[in-house]
Structure formats: structure tokens, C-alpha cells
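Please read it alongside the sequence and the model shown here.

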Amino acid sequence: MLKKFSAFIVTCIVISLSYGTAYSHCNCDGCCTSNGGVVCRNGVTMCADGTSLSSECISKACTAEWCSGCYDGQWSGKTSQRLEVSFDVSDNNVTNMIIGFTPCGTEKGMLQKHVGPYSVGNDRTFSFTKAVACNPLIPSDTISYIISGTFSNNLTCRGTWQIVGGISGTWEAANMTASEPNISASPESVSFGEKIVGSSQNQTVTITNSGGASLKIEKISIAGTNASAFKIEKDNCSGQTLSSYTTATIELAFSPDSNGAKTATLRIASDDPATPILMITLSGTGVLAVKSLVADFGAKGIYFYDGASWNGLLDWDAENIIAWGNKLVADFGNKGIYVYDGTLWDGLAAWNPDDMAVWKDKLVADFGERGIYLYNGSSWTGLTTWNPDKLVVWGDKLAANFGANGIYQYDGQAWKGLTVWNSEKMIEWNRTVEAPTETDADKDGYTSSQGDCNDNSAAVHPGATETCGDGIDQDCSGKDLACSGSDDNDKDGYTASQGDCNDNSAAVHPGATETCGDGIDQDCSGSDCSIGENNLDAAAISDLVARHNYWREQVGVAAVTWSSEVAAYAQEWADNMQTQGCGLEHRRSGMYGENLAGGYGMSAQEVVDMWAGEKAYYNYESNSCNGVCGHYTQVVWRSTTQIGCGMASCGGKEVWVCNYNPAGNYIGMKPY
């Protein structure tokens, strides 16, 4: 779990640069005038077009002065200078610091972004060196530093900067306070496309707080002329507070009751001062469908019967046909999978599937040794590399028989083993059961399903008289009523009498996000939770997730999150390699993608960077490797949403395992 912080944004601005008289001009006058001017590249002075300086320019000591930070104003190219910046902060509880740059000088180009995370030690100092690409700085230029991080209280930062060669300055920014929340949604609009009247389709909207302060989501509703065609199927947002850079989801359903286009607006009310009501456009089209009989007549092709006559659709011989909403999907063997929308056939995949099914309005295909893939209407996503004997849709889950590996279920997030037995046949069975008889145990007129939050006390039920400050939620509103005058020192909505075990920290209260292994009981449960026995503490887990997301951000793919279930799977294999002397060996078959690393005294960041360093050997245009690059492509694989890692050691040698869900590195597919 991620530790919850109050977030702060700090902007520190370097004051105007001053070279001083020693650097008012250079002895480079007249040099490289027809070659783009003089530049310094990797400590070597040359003309901008790459030609060497003339002997006359070298004799004028142009080389030494130019590369030490001296500019004569005639330069017109670009160079790279090392910018050294050190920070001194008044708060030693700073983590996940990110350093960014804004443009240097008027129309001088953009300094490259430099991303941590970094931890500030007990000495309260932090430093880095960054090569930056920018036109030459002049005395009136300024450079802005944007420092964002999570701090335990208000921050004062100060420091020095220096361009190698002697030019330097100072900056300071003090008493920074929390910034505002910032709500956003993905996608920004939701289109359900065409849906048969009387049927239903679900889509998920993700709400993100990208601001520096917590976001309170108050209410979610649907409004508009066709609001009745849309429904909030699952609301994980209303009444929730999102800390900085966290998300929550809303599951929507489109169920048209008539044909024609339908539109409505999803309204999300929050305490974001800039966007108090976030509005998302919902659209979909209801279509009428006539049930027809479809038959595959082998070499004669596919025909459908409308109740009066047979009509030919295609003269190809299909190995399998299934209905997908108002479309027809056919497996034509070596020709691949095609979909028919009532007018045209369109190819979906060149691979030959062993089996196909429709699950959650999406097409699922078993491609044998290639594994199971999911098609969402626009692209294929790999779910596992295992080869199933049989696929079965089981309610809202997908079940697969993997032969000797047993039966697993997939819920849209992860695979879970149900049995190690090998099934010869699987079906979904709608068995009848008796509805459980619900009782009103305390005879107060309310059952649990009617909102009674304690059916063993007649004094507790919806509408009961609330007694403030007694720690009991008599009216089942979600928490005890605070008495007038009660102190909530940290303003987190809970007082000590309401179970707040540290009323001086807003990150600590009942229901707060718990960080395992940090020695702090954030959710006031009575103790800190245990990380487990995988030798990865909270800091290592945080670094593993952050470093993966750093490399993923470089290619524009979504961030991954930590999965305890995947981590346990990874740790199991790390322990297995430990019994074999810590030699690196991949699982022969597995549920997830996998990266391995071995070495001595490696940090979590170094492990991920070692894999990602293979980026240099990957050619995106040809989707090929000039050497080994599979570790890198798995790190940035676009459909992967979760990671989990483990580590074991043999003496001083360590073995690291990271698993990825869903897996990546599918042949013929680009990682992003």
C-alpha cells in the first residue's frame, strides 16, 4: 500500500544570472562565423557544424574560455552544459522529490525534465548534476525550478546553483503551503457505440486527483434527456476523499430501451475550486435486432435464415462462429478471425484461435501456444501466455482449464487458481438456490440489508438518535457525531473520541491508507500491518513502482500499481532460486510476465534501471532488438497494470524477481 501524505508544491526561482567582469566577453571573436558559431560539446570547443577551430582561434585561448562558461553573444547553435544544483531543506521528512525545469530565458529552448524520486537524508541536503540543453545564458536570464514532493509539514528550501565554469547564484523559497486539489477523468467522454435494445454494456471511468491537496468527491449523478438509458453500476467515488495523485473508479452501464442516439451527462461534484462540477458526456446508440439462424455449411460457406429464406454471407469455410452483440465473429482457420457487422467482413487477427468466447462485451480468443487474448473493439491485449484446453464465461468472470496446471478464474485484474485438477469438461450452471431468510435480530424494525449497521443493538439503526462523542454510530451515518467544541486538531474529520489514535497527523485516522512495515498505525487498527517475508520494505516497494513508472512515462504508457498477490508469486520463485544457489532461471511456465536480476548490494532503483537500460538496444520502428531488450519492453509494456516483486539472497549475492500482470512481450506486438 502507498503511504498517504499531505502534498505540497514548491516553486523556487533562480535570480538573474550575473557573470561579473571576468566573463563579459570571450577571445572567440571572428571564430566559426560561417560555421554556426562556437560551441562546447562534451568539454571540447568546436564550430557548431562539427569542424575544428582554426589555429588562430585556438591561439586566442578560445578553447579554454568557451568551455568554462564564457559566451561572446555571437553563438547561434545549441550546447550542453552541466548544471549543478544543491538543496537544503528545513524538513528532513521529505520523500519522492521530483525536480522539473521550465524554459531558460526568452525563447531559449526547454530544459530537460529531471525526475527522481529522491530521499532527503537526516542531514537535510539533496543534490544532483544534470546536463541541460539550452541556448547560451545571458546576464538577464532566469531559470525556474519546480520542486514537488510530499512533506510532513510546511517546507523551507534554499540552495545554490552553478554552471560548471564558475557562474553561480543562490535561491530560497520559504513557508510553502499545500496547493489545491485538481480533478480529472479518463476518458474525458464515454461512447458506448451501438448496443442492441434491451441489452447492456459497461464501461469504467477513472477519477484522478493530480493536485497537491486532498480531493473530496461529494456526489455523482447522471442528468440529461436520455439519463434513464445510462446507469451508475458501481460508485467507488461518492463521499470519498482522494489524496494527491490517487484514483477511484465509476462503473457505468448503457442499457437502451429504444432505438436511436442517446446522450446524457455524468456530473461529479467535488471541492475542486476550479472545477466544482466535472461533467463527462455519455453517448450511445440503441439499435433494433432481429434474431436470425446462422449456419456454417462447410465449403458452401456461411448462411443466415431470417424466417423465410436462406441468405449467403460468405463462401469461406469457417471452423467456428459466435455472436458478439449485433455482430457475427467467424474463425476461418489460417485466414484468421473476421467480424461481420451486417454489411462488411473485417479482419481482426491473422492468428488461428482454438476457441472464442464473449466476456463483458469483449471478444476473448484462445490462440493456443500464444495464450489468451482480449479484443476490446480496437486492439488485442494478452491475458496470459498459458495455453488453455477450454474457456468458459462464468458470470462476470472468465474460467480457463489449463490442463495439468488446473483451473483458473480471471476477474479482469488477475488470475486465481481454483483447483490443480485437470478438467475434461467445464460449463456454467445456473443452479437454483433458496433465498436466505433475513432476520431483524434486535427487533428495531431494520435489517442489515435495510441499512442497520449493528443488528444486535436496538439503539442502532438508520434514523436513530445520535449521541455525540461516544464512539458509537447510532444512526448508521458512517461515523459518530462530533460534539460541539470537540477538537479535531489535524482536521482529518476524526477526533480522539471517534478513534483517531494520533490527532496531530491528518494521515492517521480510522480508515486511512495503511503503509505496511513503517511502524505507524495509520488506520488506527491497533498495530502496523506486516509487509511479509520478502525482504522488501516499504521504501523498496515504493522505489520499484516509482522507477517502473518513470520509464513508462517516457513512452507515454499508463502507470502500474503494486499487487501483493503478484508479489507473493514473485517471492515464491525468488525463494526457489535461493535453494538452487541463487542462479538465475525463469519459470518454465507462469501466469505473469517476468524479469530477473542478480548481483551484490543492488538497490531497487538500480535493478529497474538495469532492465530499462536495454532501451538502447530496442528499435521501435522495426520492433526489433540489437542485442537483449526483452527486460525493457516488459517494463514499458502498455497493457501491464500491476507489478509485484520479491528478493532472496545467498550470502552477499541477491536474486530479484519482478512479475507483471498482464504479461507482455508478445511476438509481433509493439510494447507501446
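This is a predicted model: local features need pLDDT of at least 70, side-chain atom pairs count only at pLDDT 80 or more; totals for chains, interfaces and linings use all residues.

Two strands are taken to pair if DSSP finds at least two bridges between them. By that criterion strands β32 (residues 397-401) and β33 (residues 407-410) pair, as four bridges join them and they run antiparallel.

**The chain as a whole**

- The chain contains six helices and 40 strands.
- Of its 672 residues, 42% are buried.
- The accessible surface of the chain amounts to about 33700 Å², and carbon and sulfur atoms account for 49% of that area.
- Considering contacts between residues at least 6 apart in sequence, 53% connect residues that are at least 24 apart.

**The sheet β27-β28-β29-β30**

- Four strands form an open sheet in the order β27-β28-β29-β30, and their pairing is antiparallel.
- Strands β27 (355-359) and β30 (380-384) are the edge strands, each pairing on one side only.
- On average, neighbouring strands of this sheet are turned by 25 degrees against each other, direction ignored.
- Strand β29 (residues 372-375) pairs with β30 over four bridges in the antiparallel sense.
- Tyr373 has Gly382 of β30 standing opposite.

- Within the pair formed by β32 and β33, Ala399 stands opposite Gln409 in β33.

**Helix α5 and its surroundings**

- Helix α5 covers residues 604-612, and its buried residues include Ala604, Val607, Val608, Trp611 and Ala612.
- Viewed down the axis of α5, the buried residues lie within an arc of 130 degrees, so they line one face of the helix.
- An α-helix has 3.6 residues a turn, so residues three or four places apart point the same way.
- Among the elements covering the buried residues of α5 are the helices α3 (538-554) and α6 (630-635), together with the strands β36 (593-600) and β40 (653-661).

Key. Residues are numbered from 1 along each chain as its sequence is written. Side-chain values use heavy atoms; hydrogens and water are left out. Helices (H or I, at least four residues) and strands (E, at least two) are DSSP runs, numbered from the N terminus. Axes are lines fitted to C-alpha atoms, for helices over the stretch in contact, and angles run from 0 to 180 degrees between N-to-C directions. Buried means under 20% relative accessible area, exposed over 50%, partly exposed in between (1.4 Å probe, protein chains only). Contact means heavy atoms within 4.5 Å. Accessible areas come from the Shrake-Rupley method with a 1.4 Å probe; for residues, only the protein chains shown count as cover. The arc is that of the directions from the helix axis to the C-beta atoms.
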